[in-house]
Amino acid sequence: MISTKSANTGRSLEDYLALEYPFNVVADPDGGYVVIFPDLPGCMTQIEDLDELPEMAEDARRGWLEAAYRQGDLEIPLPSYPEEYSGKFNVRLPRSLHRRLAEAAACEGVSLNSYVAGVLARGDAQARIERRLDLLEEQLEQIHARLRYQVTGLRSTSRQRDSVPVIATPGERISDEALALAS
């Protein structure tokens, strides 16, 4: 195994290999899973079954670190770790709002902390839903812009004519032939 020091950080390959890099496992819609190491650009692997996860993830991580170390000009990032949150923070708010929140908590029979946590959770959920709806609305508008409206329908083979739907965008002129088909 290589034991020289990295030119840009002074760490050995063994030092990097001893670090624990976080990874994400994403289910592939076509089956299997993709394992991605967000701290190591381009470092990923695919597995068919979760039983393969430890071996394949370690193989991908080790291969990426060894190749980057040998290349020498690529900076090897250190692992990132999620921030630790205590679940506590202080908020300054107007006395009138504090009073309304305390009264609402009392009416519901819960502590002020529980009530405010519930209000924040509902607000956060609503904000997430609104962002998702905005994204869906944009996607629908893009799809709508790509659609081409056409007059469609088939003439009835019997003596009796069925009505034919005519679809057009606002302001689009409908041909006389299409109108004759629809009448």
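**Aromatic pairs and the chain around them**

Mentor: In this predicted model, a search of the whole structure finds 2 aromatic pairs. One of them is formed by Phe23 and Phe37.

Trainee: How is a pair of aromatic rings described?

Mentor: A pair of aromatic rings is described by the distance of the centres and the angle of the planes. For Phe23 and Phe37, the centres are 5.4 Å apart and the planes are at 50 degrees, a tilted pair.

Trainee: Which parts of the chain does the pair link?

Mentor: The pair links distant parts of the chain, 14 residues apart. Phe23 belongs to the loop between helix 1 (13–18) and strand 1 (24–27), and Phe37 to the loop between strand 2 (33–36) and strand 3 (44–47).

Trainee: Is Phe37 buried or exposed?

Mentor: Phe37 counts as buried because its relative accessibility is 3%, and buried means under 20%. Phe23, at 36%, is partly exposed.

Trainee: What pattern does the chain follow along the sequence?

Mentor: The pattern is α-β-β-β-α-α-α-α, with 5 helices and 3 strands in the chain. Of its 183 residues, 18% count as buried.

Trainee: Which residues form a nonpolar patch on the surface?

Mentor: Phe89, Val91, Leu93 and Leu120 form the patch, and together they have about 400 Å² of accessible area. Leu120 lies in helix 4 (residues 112–146) and is partly exposed, with a relative accessible area of 48%. The accessible surface of the chain is about 14,700 Å², and 53% of it belongs to carbon and sulfur atoms.

Conventions: Residues numbered from 1 in each chain as written. Predicted model: local features only at pLDDT ≥ 70, side-chain atom pairs only at ≥ 80, totals over all residues. Heavy atoms only, no water. Helix = DSSP H or I, 4+ residues; strand = E, 2+ residues; numbered from the N terminus. Buried < 20%, exposed > 50% of the residue type's maximum accessible area, 1.4 Å probe, protein only. Areas by Shrake-Rupley, 256 points an atom, 1.4 Å probe, with all protein chains shown as cover. Patch = residues over 30% accessible without salt bridge, like charges linked within 9 Å, V, L, I, M, F, W, Y side chains within 5 Å. Salt bridge = Lys/Arg side-chain N within 4 Å of Asp/Glu carboxyl O. Phe/Tyr/Trp six-rings, centres within 6.5 Å; stacked < 30°, edge-to-face > 60°.
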